[in-house]
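User: I would like to learn how to read the features of a structure model, one at a time. Please give the general idea each time, then the case at hand.

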Amino acid sequence: MSVRILAGSAKGRALKVPASARPSGARVRKSLFDLLATRVPSGRFLDLHGGSGAVGLEAASRGYAATLIERDAAAVRAIEGNARLLDLPVRVVRGDASALLGRVGEFEVVFSDPPYTQDIPALTRRLLASGVVAPGGLLVCQHPVQVRLEDAPGWEREERAYGSNILTLYRREGSTGADKIGTT
């Protein structure tokens, strides 16, 4: 499978994809970063389920301070190798994303695309309650169209469908995030 960085300093460069990964397609990644460009164009980016690294490395290529969490050792090695090859400064943490939530800090953008066998609604509720999303930040959950994520008190929810995938975006109500990340 061929996966390439779409924009930024590593634009057009190919990634080595581990067998265990299910990379987000180019259409979903392009749409994700188009949405982020108008909502949270910079800051700290957390890819909770690194997999191939396609999303987290794309974020780093576009100037975000990216952290990727991945539990599979082979995938961690692939992400680290791709980051070195592309000369992208990223932090890679090996472990279970749910177990690490209280220890990784706050991020302006948190991206969650877990294995589709996981209970995605329960994980999303946990993420919204965890404090991992900085004030004014954005949680983006990629999931299959068969999964429905609910509204959450204190969060604005928006959905965007892309074929068999949906991006559900959660932003804290009443905050644009501009004061947090220095944009106007």
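**Reading the model**

Analyst: The largest pocket has a volume of about 380 Å³. This is a predicted model, so local features need pLDDT of at least 70 and side-chain atom pairs count only at pLDDT 80 or more, while totals for chains, interfaces and linings use all residues. Residues are numbered from 1 along each chain as its sequence is written, and side-chain values use heavy atoms, with hydrogens and water left out.

User: What is a pocket, and which residues lie nearest the centre of the largest pocket?

Analyst: Rolling a probe the size of a water molecule over the atoms shows where empty space is left. On a 1 Å grid over the protein atoms alone, a cavity is a set of points where a 1.4 Å probe fits but cannot get out; a pocket is an open set with protein on both sides within 12 Å along at least five of seven lines, and lining residues have an atom within 4 Å of a point. Grid points are joined across faces, edges and corners, and the volume is the space filled by probe spheres set on the points. Here 26 residues line the largest pocket, and H49, G51, E70, D113 and P115 lie nearest its centre. The elements giving two or more residues to this lining are α2 (54-61), β4 (65-70) and α4 (97-100). Helices (H or I, at least four residues) and strands (E, at least two) are DSSP runs, numbered from the N terminus.

User: How is helix α1 read, and which of its residues are buried?

Analyst: The expected span of a helix is 1.5 Å times one less than its number of residues. Helix α1 (residues 26-39) has 14 residues and reaches 20 Å from first C-alpha to last, close to the 20 Å expected at 1.5 Å a residue. Buried means under 20% relative accessible area, exposed over 50%, partly exposed in between (1.4 Å probe, protein chains only). In α1 the buried residues are V28, R29, S31, L32, F33, L35 and L36.

User: R29 is charged. With which residue does R29 form a salt bridge?

Analyst: A salt bridge is a side-chain nitrogen of Lys or Arg within 4 Å of a carboxyl oxygen of Asp or Glu. The count by this rule is 11. R29 pairs with E58, the closest N and O atoms being 3.5 Å apart. The pair links distant parts of the chain, with E58 in helix α2 and R29 in helix α1, 29 residues apart. Both E58 and R29 are buried.

User: Which residues do salt bridges with shared partners join into one network?

Analyst: R157 meets D151 at 2.7 Å, N to O, and E159 meets R157 at 2.9 Å. Salt bridges that share partners join R148, D151, R157 and E159 into one network. D151 is exposed at 56% relative accessibility, whereas R157 is partly exposed at 24%.

User: How many aromatic pairs are there, and how are they classed?

Analyst: Rings of Phe, Tyr and Trp (its six-membered ring) pair if their centres lie within 6.5 Å; planes under 30 degrees apart count as stacked, over 60 as edge-to-face and the rest as tilted. The structure holds three such pairs. F33 and F45 have ring centres 5.9 Å apart and planes at 20 degrees, so this pair is stacked. F45 and Y64 are edge-to-face, at 5.6 Å centre to centre and 65 degrees between the planes. Ring pairs link F33, F45 and Y64 into a cluster.
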